[in-house]
Amino acid sequence: MPTNTGSVLNTDHELAMRVFLAVAEENGFSAGARRIGIPQSSASRQIANLERRIGTKLFQRSTRRLNLTPSGEIFLERVHAIISEIDAATASLSTANSEVAGLLRVSMPAAFGRCCVLPLLQKFRLQNPEVAFGLSMTDEVQDMVQLGFDVAIRIGALPDSSMIARRLTASSSLLCASPAYLDRRGRPAAATDLSRHDCLQFRTTPGQNVWHLKRGDQAVNVKVSGPLYCDSGDTLLSAAEQGLGVAFLPRWLVQRPIDSGRLEVVLPDHEDPSPSAIHALYPTRNFVPRKVTAFVDFLAEELRRSDL
């Protein structure tokens, strides 16, 4: 008589379900056994015992294919949920009891790291002195899993991925130029005036750019061109400070030069209609180290207080 599937889960039941899950997801006994780290004969025996225990066939076997039966499809969905809950519960206890310590490797855009993250590291280390940092400051989108990063900071739309994404804050952009440039070329009175100015564009390829603005509830889109385009925010900031033209850059990048008088806000009654979201990404895994969650929580709290 089959065992009641509602009975208390024991170690043998858990192992059998893990073997079933691995065989189903790997579509084979050999690959499933390798994933679990047991011989193929043991995997076959576990599945046979499991089928006998629940009183139904889970797989249709042939010499070439291994398919789930209708009962197997239903069982797979339930087993996946059960094993995920077990792993999550185990991970939560491990995470809660682990120390915030070790090397934390972080990838981030260069300008954002310099302006917004680097100034916070000392405060974080005062709270967590056992953490050391390895930083990659680059505007290139790196494969964080392949390169071994614990956390990546991304600005803007995220591609579909299996990464865990934690929204930290959002960043709006400002129109700005050096006082010397504006004295020489005149201060725009309306957004349409920008089409007659030298506009410094953030882009990677040649072509005409469109700056999207809003004034009150009214959307304003202006085609702009100019003597320089670049894929580096720091370079565009420097070009604007040196009087090459008008730039449309994140507030966190230009606020200090504006406060010091090196840059002046252009068209202050116009706003960025779509601030860019800033996320922290880290790989999906059963155990997320405390150093990762502590750092991401810290960034979210600190950046929330900032005017970006």
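Modeller: Let's start with an open sheet of five strands, ordered β4-β3-β5-β14-β6 with mixed pairing. The model is predicted, so local features need pLDDT of at least 70 and side-chain atom pairs 80 or more, while totals for chains, interfaces and linings use all residues. Residues are numbered from 1 along each chain as its sequence is written, and side-chain values use heavy atoms, without hydrogens and water.

Biologist: What makes two strands a pair?

Modeller: DSSP has to find at least two bridges between them. Strands are DSSP runs of E, at least two residues, and helices are runs of H or I, at least four, numbered from the N terminus. Here, two bridges join β3 (residues 102–108) to β5 (residues 151–155), and these run parallel. V106 stands opposite V151 in β5.

Biologist: Which are the edge strands?

Modeller: β4 (131–137) and β6 (164–171), as each pairs on one side only.

Biologist: Is Q142 buried or exposed?

Modeller: Buried means under 20% relative accessible area, exposed over 50%, partly exposed in between (1.4 Å probe, protein chains only). Q142 has 17%, so Q142 is buried. You'll find Q142 in the loop between β4 and α6 (144–147). Contact means heavy atoms within 4.5 Å; beyond neighbours within four places in sequence, Q142 is in contact with residues including S107, F149 and R154.

Biologist: How do you find empty space?

Modeller: Roll a probe the size of a water molecule over the atoms, and you see where empty space is left.

Biologist: Where does Q142 sit relative to M108?

Modeller: Their C-alpha atoms are separated by 9.2 Å, though Q142 and M108 are 34 residues apart along the chain.
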